[in-house]
Amino acid sequence: MSGRTALRHRLAERGIDRQLLLLAPAAAFVAVLFIYPFLYGVGLSLQPARGGPLGAYRQFFADPYQRDTVLTTLGLALPAALLNVAASVPIAYRMRGHRSGWRSRGKRLLTTVLVVPITLGTVLTAQGLLNFLGPTGWFNRILLATGLVDAPLRLTNNYWGVFFSLVITGFPFAFLLVLSYLSGIDPTLERAAATLGAGGAQRFRRITLPLLAPGLATTFCLTFVLAFSVFPSAVLVGDPAGQTRVISIAAYDAAYVRYDYPMAAAIAVIMGVVELAVIAAVLGWRSLLYTGSTSGGKG
Amino acid sequence: MRRGLVARPAAWLVWGLVAFFFVNLAGVIGSVVVSSFGTRWFDTWLPQGWTGGWYAQAWQEFGLLSVLLVTVQVSALVVGISVLIGVPAAYVLARRSFPGRRLLYLLFLLPILMPPITYGIPLATVLYKYGFAGHVSGVVLANLVPSVPFVILTMTPFIEQIDPAIERAARMCGAGTRQIFTRILAPLLVPGLLAASILVLVRTVGMFELTFLTAGPDSQTLVVALYYSMSAAGIRAQQSVDAMAVIYTTMMLVLLVVALRFVNPTQLVARVKEDVE
């Protein structure tokens, strides 16, 4: 037996053989189009025109107009993501577990209709919000006609316009995820608690919520990522020079308006770091929670 | 039934909020549709008259035919290439264990977890450097970055469902890896392939950021063209922008209706297990 065959056998025993070559295109692809540009961007961000290797970062944090975009983005994304997750829980909780009858058909209809805003995307949502919530839009007309307000509410081209657009695109996303997590929890667990005398509120707080919490953490993360990268709606329904100058606008400005690529790369890096920090914090908290089977055992 | 029609106040509050959300959603979509068919709409409940002229105008002004052709071309290429690259990788990840498997999985997860802008800007810089950006090829390459991992994540559970004994039997009968893929796995994976392709298609048509960062004047997809026409508002009639938005919505809705025939709504947002029937 030659040495090469022996090596191949030893590798095969550890699970390495020619079949792994099927992974090669995908791995090469991620390396060339994701890892390389990312490292290139980091490298670029360390070579600003002036100010030494960390010049671009220092310039970002020294300028309040730039630095505040981090807080602006978090101020939009965190409340929007929290609201989307918090609103999904009671609604999904009422809808779970109906597999027949009109409630089941209602559930199917609702999940189908909720997919619509996800596919509309932020650009169309922005256009719709401008028409609907604008000073002469239907929403303000109804408020004026019913006498709830005296003057039209200003709901677009400011913080609220962007916030509503984040809720419209983010809520269905969060709801569908929470619903699927809830469906994965065995209903017999709750029935068991009910036979032991637990009321509705107690069952939710002591049985369902702890089992659901890890799923909620994941949902929050995914919704937050969506809200954090808000760009088109911040420009179109927001106030892109002031109240809703989010970090992606700052990055875009640097790259395509001022052609300061090191600065743009630095902002992209900061954006990634801030986002990953929030996700790491949430997932770190999640790892303290119960993570196991959500189906009841035989006992 | 445990709960009758007379529900507790908390339940009414919950359903009230859902109804409020849907009424507003209908208002948001409805106002765009109504505006696109209206003649003059200023400070009244409904436009003064009705016309279909804005569609003709939008079609000509924005060169919608070429934009639609680019959109179709980009989405078809992205779907095709990401399935070709993603499915073999999903197969290995689903079936095999090897050193570094978890790391590789995390690597495939990252492009989905990061906001497109964060990697889109460095990616666009690199694509401009090598002359891809500004053409259809650059747009396709950029859109592949989240699509390939997405195909891998969607396909892995479908592959896990197939009994490995079938493949072993085929090997016993002398089939090679290539034959196993084309004769055994491909027919069994048709539902999964359809689901993954449609999901990637919906995501690519709706993907704004990456296309926006890499597209040139003649490689814009519909959503980017819509954004440009909106941000340049004032030059063009609001209604023709609305007409374009309606065309985009209709296209997305058709895709969505097709998609929902093949996939569970929850799959559109993430890979999660099906309801237990």
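How far apart do the end C-alpha atoms of residues 159-182 of chain A lie, and what share of the span is helix? The end C-alpha atoms of this span lie 32 Å apart, and residues 159-182 of chain A are 100% helix and 0% strand. The legends below describe views of a predicted model.

**Figure 1. Chain A is built from helices, with 12 of them and zero strands.** Read from the N terminus on, the elements of chain A run α-α-α-α-α-α-α-α-α-α-α-α. Chain A has 299 residues, of which 51% count as buried. When the contacts in chain A between residues at least 6 apart in sequence are considered, 73% of them join residues that are at least 24 apart.

**Figure 2. Several stretches of chain A carry the UniProt annotation "transmembrane region", which comes from an unreviewed entry.** According to that record, the annotation covers residues 20-39, 70-93, 114-139, 159-182, 211-231 and 263-285 of chain A. One of these stretches, residues 70-93 of chain A, is 100% helix and 0% strand in the model, and its end C-alpha atoms lie 34 Å apart. For residues 159-182 of chain A, which are also listed in the record, the span is 100% helix and its end C-alpha atoms are separated by 32 Å.

**Figure 3. Chain B, too, has 12 helices and zero strands.** Along the sequence, chain B follows the pattern α-α-α-α-α-α-α-α-α-α-α-α. Of its 277 residues, 53% count as buried. Among the contacts in chain B with a separation of 6 or more, residues 24 or more positions apart account for 71%.

**Figure 4. An unreviewed UniProt entry also lists stretches of chain B as "transmembrane region".** The stretches given in the record are residues 12-42, 62-91, 103-128, 140-159, 180-202 and 245-263 of chain B. Over residues 103-128 of chain B the chain is 92% helix and 0% strand, with the end C-alpha atoms 30 Å apart. Over residues 140-159 of chain B the chain is 100% helix and 0% strand, and here the end C-alpha atoms are 26 Å apart.

**Figure 5. Helix H2 of chain A packs against helix H6 of chain B.** Two packed helices are described by the angle between their axes and by the distance between those axes. Here, H2(A), residues 24-45, and H6(B), residues 136-161, pack at an angle of about 140°, with their axes 10 Å apart. H2(A) and H6(B) are therefore oblique to each other, and their crossing is left-handed. On the side of H2(A), the contact is made by Ala26(A), Phe29(A), Leu33(A) and Phe34(A), while H6(B) contributes Leu141(B), Leu144(B), Val145(B), Val148(B) and Ile152(B). By class, this contact of H2(A) with H6(B) has nine nonpolar residues, and it has no polar and no charged residues.

**Figure 6. Within chain B, helix H7 packs against helix H8.** H7(B), residues 164-172, and H8(B), residues 177-188, pack at an angle of about 140°, and their axes are 10 Å apart. That angle makes H7(B) oblique to H8(B), and H7(B) passes H8(B) in a right-handed crossing. The residues that make the contact are Ile166(B), Glu167(B), Ala170(B) and Arg171(B) of H7(B), together with Thr177(B), Ile180(B), Ile184(B), Leu185(B) and Leu188(B) of H8(B). By class, the residues of the contact of H7(B) with H8(B) divide into six nonpolar, one polar and two charged.

Note on methods. Residues numbered from 1 in each chain as written. Chains lettered and ligands numbered in written order. Predicted model: local features only at pLDDT ≥ 70, side-chain atom pairs only at ≥ 80, totals over all residues. Heavy atoms only, no water. UniProt positions renumbered as here; feature names shortened; annotations may be inferred. Helix = DSSP H or I, 4+ residues; strand = E, 2+ residues; numbered from the N terminus. Axes fitted to C-alpha atoms, helices over the stretch in contact; angles between N-to-C directions. Parallel < 35°, antiparallel > 145°, perpendicular 65-115°, else oblique. Left-handed = near helix turned anticlockwise from the far one by under 90°. Contact = heavy atoms within 4.5 Å. Nonpolar A, V, L, I, M, F, W, Y, C, P; charged D, E, K, R; others polar. Buried < 20%, exposed > 50% of the residue type's maximum accessible area, 1.4 Å probe, protein only.
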